[in-house]
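Have a look at the sequence and the model below.

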Amino acid sequence: MATLDTPSAAPRGRREAHKAATRKALQEAAHRMFEERGYAQTTVRDIAAAAGVTERTFFRYFPSKEDLVLDEVLDLIPVMQAQVAARPADEDPYAAVLGASLDLIADGGPGLMFSGPPQRFPGQPVRQFLPVLSQFEDGLAEALRERLAEHDPDAATPLRAAVLARAAVGAMRSALFAYTALPEEERTPALADELLCTAFGHLREP
């Protein structure tokens, strides 16, 4: 049986690799287009053409432009968790999340962060975004709870981790909204970093 199954394994592997490459090409093309034209001015046709595929191919991977962005939020969860876990042990939760966010942006980061995505999705119900946002917050809460447990297991409660994660995400989103509200010519990586640091600074104010 193993011998009979072997010939089909390679084609399946190549198909999966091709699908992954096409999906990545679409996401990277969207990043570039959002940066060059802004989210609202970028169409599915633009993204597909920049990725070298047809609109029909785009819709095989993403039901809409909004879904591409939301899908990227889900992809970001394990990346963000790993970044938070890798931060210095002496950093408090907010410092760890801020540092992880700055590192992601410095590394090119996801197109979702500070590359002209929407503050909201026009014409799309809010309920489409909320479950994805909740999953991101839950993933961050899990990473923060593990950090808290290393220092004080008794204080590493699910509620505490959830509060810290949702407050941190609120600071991230507020900085993003402030950034995307600026004229395009004023948006710079340095300003993105400054807005993030300022937003997290507000979390520490009495």
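## Ground rules

This is a predicted model, so to speak of a local feature takes a pLDDT of at least 70 and side-chain atom pairs count only at pLDDT 80 or more, while totals for chains, interfaces and linings use all residues. Residues are numbered from 1 along each chain as its sequence is written, and side-chain values use heavy atoms, with hydrogens and water left out.

## The chain as a whole

The protein chain has eight helices and zero strands. Read from the N terminus, its elements go α-α-α-α-α-α-α-α. Helices here are DSSP runs of H or I with at least four residues, strands are runs of E with at least two, and numbering starts at the N terminus.

Of the 206 residues, 40% count as buried. Buried means under 20% relative accessible area, exposed means over 50%, and partly exposed lies in between (1.4 Å probe, protein chains only). The chain exposes about 11500 Å², with carbon and sulfur atoms supplying 56% of it; the areas come from the Shrake-Rupley method with a 1.4 Å probe, and for residues only the protein chains shown count as cover. Among contacts with a separation of 6 or more, 68% come from residues 24 or more positions apart. Contact means heavy atoms within 4.5 Å.

## α5 against α7

Helix α5 (residues 93–106) packs on helix α7 (residues 158–180) at an angle of about 40°, and their axes are 10 Å apart. That makes α5 oblique to α7. Axes are lines fitted to C-alpha atoms, for helices over the stretch in contact, and angles run from 0 to 180 degrees between N-to-C directions. Under 35 degrees counts as roughly parallel, over 145 as roughly antiparallel, 65 to 115 as roughly perpendicular, and the rest as oblique.

On the α5 side, Pro93, Tyr94, Val97 and Ser101 meet Leu164, Ala167, Ala168 and Met172 of α7. Those contact residues split into seven nonpolar, one polar and no charged. For the classes, Ala, Val, Leu, Ile, Met, Phe, Trp, Tyr, Cys and Pro count as nonpolar, Asp, Glu, Lys and Arg as charged, and the others, Gly among them, as polar.

## α8 joins in

How do α5 and helix α8 (residues 189–203) pack, at what angle and with their axes how far apart? The angle is about 170° and the axes are 11 Å apart, which makes α5 roughly antiparallel to α8. Tyr94, Val97, Leu98, Ser101, Leu102 and Ile105 of α5 meet Asp193, Leu196, Cys197, Phe200 and Leu203 of α8. The tally for this contact is nine nonpolar, one polar and one charged.

α7 and α8 also pack, at about 140° with axes 9 Å apart, and they are therefore oblique to each other. Their crossing is right-handed. From α7, Ala167, Ala168, Ala171, Met172, Ala175, Ala178 and Tyr179 meet Ala192, Leu195, Leu196, Ala199, Phe200 and Leu203 of α8. This contact divides into 13 nonpolar residues, no polar and no charged.

## Two buried residues

Phenylalanine 62 sits in the loop between α3 (55–61) and α4 (65–86). Its relative accessible area is 2%, so phenylalanine 62 is buried. Setting aside neighbours within four places in sequence, phenylalanine 62 is in contact with Arg23, Leu26, Gln27, Asp67, Leu68 and Asp71. Its C-alpha lies 9.9 Å from that of valine 44, 18 residues away along the chain.

Valine 132 belongs to helix α6 and counts as buried at 9% relative accessibility. Not counting residues up to four places away in sequence, valine 132 touches Leu70, Val73 and Leu74. Between the C-alpha atoms of valine 132 and aspartate 71, 61 residues apart along the chain, there are 8.2 Å.

In helix α2 (residues 44–51), Val44, Asp46, Ile47 and Ala48 are buried. Just after α2, glycine 52 takes a positive phi of about 80°.

Histidine 151 is in helix α6 (residues 126–151). Is histidine 151 buried or exposed? It counts as exposed, at 57% relative accessibility. Histidine 151 and aspartate 90 are 61 residues apart in sequence, and 9.3 Å apart in space from C-alpha to C-alpha.

Notes:
Left-handed = near helix turned anticlockwise from the far one by under 90°.
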